[in-house]
Amino acid sequence: MQSAKTRRKVVPATASGGDSADKLDQLLLSSAICNGEDLGPFVRKAFASGKPETLLQHLRQFARSKESEIEEVCKAHYQDFILAVDDLRSLLSDVDSLKSALSDSNSKLQAVACPLLASLDSYVEAQNISKNVDLALKSIVSCVKLMELCSRANQHLSSNNFYMALKCTDAVESEFLDKTPSSTVKRMLEKKIPAIRSYIERKVNKEFGDWLVEIRVVSRNLGQLAIGQASSARQREEDLRIKQRQAEEQSRLSLRDCVYALQEDDDEDGLNNGVESDSNGGSGLLGFDLTPLYRAYHIHQTLGVEDRFKHYYFENRKLQLTSDFQVSSMTPFLESHQTFFAQIAGFFIVEDRILRTGGGLISKIEVENLWDAAVSKMCSVLEDQFSRMQTANHLLLIKDYVSLLGVTLRRYGYPIDALLDVLSKHRDKYHELLLSDCRKQISEALAADKFEQMLMKKEYEYSMNVLSFQIQTSDIIPAFPYVAPFSSTVPDCCRIVRSFIEDSVSFMSYGGQLEFYDVVKKYLDRLLGEVLDDALLKLINSSVHGVSQAMQVAANMAVLERACDFFFRHAAQLSGIPLRMAERSRRQFPLNKARDAAEEMLSGLLKTKVDGFMTLIENVNWMADEPLQNGNEYVNEVIIYLETLVSTAQQILPAQVLRRVLQEVLSHISETIVGNLYGDSVKRFNINAIMGIDVDIRLLESFADNIAPLFTEEDANQLKTALSESRQLVNLLLSNHPENFLNPVIRERSYNTLDHRKVVAISEKLRDPSDRLFGTFGSRGAKQNPKKKSLDALIKRLKDVS
């Protein structure tokens, strides 16, 4: 057969101008039918124009044209069709022959196969029996294995080997539960396997609960041990630091004989051996055993509820920590603070161990959250407790323990800055309380002072009261019994100040602040300048009533001045800074008000005593016929008293203090002499009386020269200047040219201490030896004394100037 040709689209030919409209419509319709287009528009057009018959006619014409085409195609393919029919008839004949052959073959096959089929049935039956037997044997073996696993699981349960019991149970469930041929056994397994897992979970949770109870006690002991070891390590460091300071001091004093070496012990091992646990999660010292925890965690991992156990563990530990935060109102915090902080320290030591060895039981974020909560609570408790405390020692004890807590937990990587900030925040309050305590102690020590020199019978007393404060004046150990130049107040106050320094340094140390000497020095200045100085000033103004008491207080002040040097050096050493830096930052003597008051009190009492002898100046004959050769009575009494005073005072007073006091006394004597000449008690005097006063002043100057070896050359010269006013006045009155007083150069050099008003008033009282009662009658007409004339001219000039 010919293949169908590809259908082409028919395009209608263009009608000529002479073709009619019907012809055109017929062509368009034929083209649309050939192209398979929709004939709807043609139908609508025919009916719209009212000529459907024309459309039908065109369709019939198209059909007739196509019938002729079909007929032509059939004529073309007729011969092929006849040949195909012949082939089909031949094929039907062959099929009938094949069918007969197949029927004969089937009969022969059935005849031959019947015996074989009987044999095959027997074989199949035997094979089924064999398979059943094999299946039975496999079931028996499976049941035997199942029974063995069940028996092994029961043994592990009996011996509390829960992990192996769970592994056996998991093996039963995965390998035998679905393959068990016995429905009874299967139902039993389905019931017992969840029950066994539930039982194991309960047992493990009970062990974990017991561990939670036990770990609280262990944590407290662990925290106490860790903090105790931190304290021991700190003490070893302090001992090492003391040895180093002693070695440095020895080196400073004697470089040739000083050979020293410092050894540092490994403090890390001591702490780690006492706190860290072994590889199995336990510690031999405290029974720090994490096995129950890790076992419970492992079992829950095996049960597939790992996250639930993690949450359960974290919540329980969080509750325990919250319980540890409770501060008992029945027990003073001073008594319970060690237990409080040790419990928290132990808690986080345990958590650090679990974080590092727990295999993800607790995360670092969770531990940090717990630590943040703990730090917040500890800071709150410290703020509250510190605000209530009124005793410096109590605050120091708690601060020391908190700093040890910080040192301990910082070794495990916990940040402690917030705790240190709380301690630093209460630094001022602590020192105010410490100053208050020292003020009471100093007041009690001063109130108990008997103003007597301290007697030391043994060398240890000397070491304890003198050498320990470096207030000795010589490195040679004196013979005993030894009478010290100071009273018992000095070592008592030194001990109080030294204790203040050590407490202040102890509070400032180990608080994160490396350089704190300036802070210690600030409060030490306050202690010395405000507390001790004011207390001594109060003692001087209220309790000193005699020369011996005033002298002892002045001697004490001199010794305390040396002690103050030791205080600042001691503070520098404890603060860990070089002594040269401390000496560079030294200010003036902090007890200067008390020292000046003591010397002023002693000078005042001596002046009062001297005034008693100076009243004898009233017995001086101011119009003597001839000058005295041995001085007036008052000056001899004064010198005897001063010599006695010096012999006593030089035993206890330093040379500087003695010089200042004697200078005040001699200056007072000089002012008294000038004051008597200037005052109303002396109406007139002659040159012989002035010459007697000159002898008195020379005696006083001789006294000053005799005691000059006790002082330096500069101090001896300053001591002589105390008599300068009386000496210059006498020199002026005895001078042959008193008018030189008017010369500025001579006046500045020889008369710089004289007041011209006093010079005028005293000079007017000077009389010649002839100026006696009725003396003018015998000397009338005599030539006037040139010296008297010069003096009168001086008086006149000075009056004109003033």
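Mentor: Start with a term: a residue is buried under 20% relative accessible area, exposed over 50%, and partly exposed in between, using a 1.4 Å probe and protein chains only. This is a predicted model, where local features need pLDDT of at least 70, side-chain atom pairs count only at pLDDT 80 or more, and totals for chains, interfaces and linings use all residues. Residues are numbered from 1 along each chain as its sequence is written, and side-chain values use heavy atoms, with hydrogens and water left out.

Trainee: Ok, is Asn 688 buried or exposed?

Mentor: Asn 688 counts as buried, because its relative accessibility is 10%.

Trainee: Where is Asn 688 placed?

Mentor: Asn 688 is in helix α22 (residues 687-706). Helices here are DSSP runs of H or I with at least four residues, strands are runs of E with at least two, and both are numbered from the N terminus.

Trainee: And what is Asn 688 in contact with?

Mentor: Contact means heavy atoms within 4.5 Å. Leaving aside neighbours within four places in sequence, Asn 688 contacts Ala 624, Asp 625, Glu 626 and Pro 627.

Trainee: What about Leu 560, buried or exposed?

Mentor: Leu 560 is buried, since its relative accessible area is 2%. This residue lies in helix α17 (residues 547-575).

Trainee: Which residues does Leu 560 touch?

Mentor: Not counting residues up to four places away in sequence, Leu 560 touches Val 490, Cys 494, Leu 536, Phe 589 and Leu 591. The C-alpha atoms of Leu 560 and Ile 471 are separated by 7.9 Å, with the two residues 89 apart along the chain.

Trainee: New topic. How many salt bridges are there?

Mentor: The count comes to 25 salt bridges. A salt bridge is a side-chain nitrogen of Lys or Arg within 4 Å of a carboxyl oxygen of Asp or Glu.

Trainee: Why would side chains pair like that?

Mentor: Side chains of opposite charge can pair when their charged atoms come close.

Trainee: Which residue forms a salt bridge with Glu 201?

Mentor: Arg 308 does, and the closest N and O atoms are 2.1 Å apart. The pair links distant parts of the chain, with Glu 201 in helix α5 (residues 183-253) and Arg 308 in helix α8 (residues 306-324), 107 residues apart. Arg 308 counts as partly exposed, because its relative accessibility is 47%.

Trainee: And what do Lys 521 and Asp 525 do?

Mentor: Their side chains meet in a salt bridge, at 3.2 Å from N to O. Lys 521 and Asp 525 are 4 residues apart in helix α16 (residues 517-543), so about one helical turn separates them. Both Lys 521 and Asp 525 are buried.

Trainee: Which residues are linked in a network of salt bridges?

Mentor: Asp 694, Arg 698, Glu 701 and Arg 727 are linked that way.

Trainee: Last one: which residues of α13 are buried?

Mentor: They are Tyr 430, His 431, Leu 433, Leu 434, Leu 435, Cys 438, Ile 442, Ala 445 and Leu 446.

Trainee: What do the buried residues of α13 pack against?

Mentor: They pack against α11 (392-410), α15 and α16. As for length, the expected span of a helix is 1.5 Å times one less than its number of residues. With 21 residues, helix α13 (residues 427-447) should span 30 Å, and its end C-alpha atoms are 30 Å apart, which agrees.
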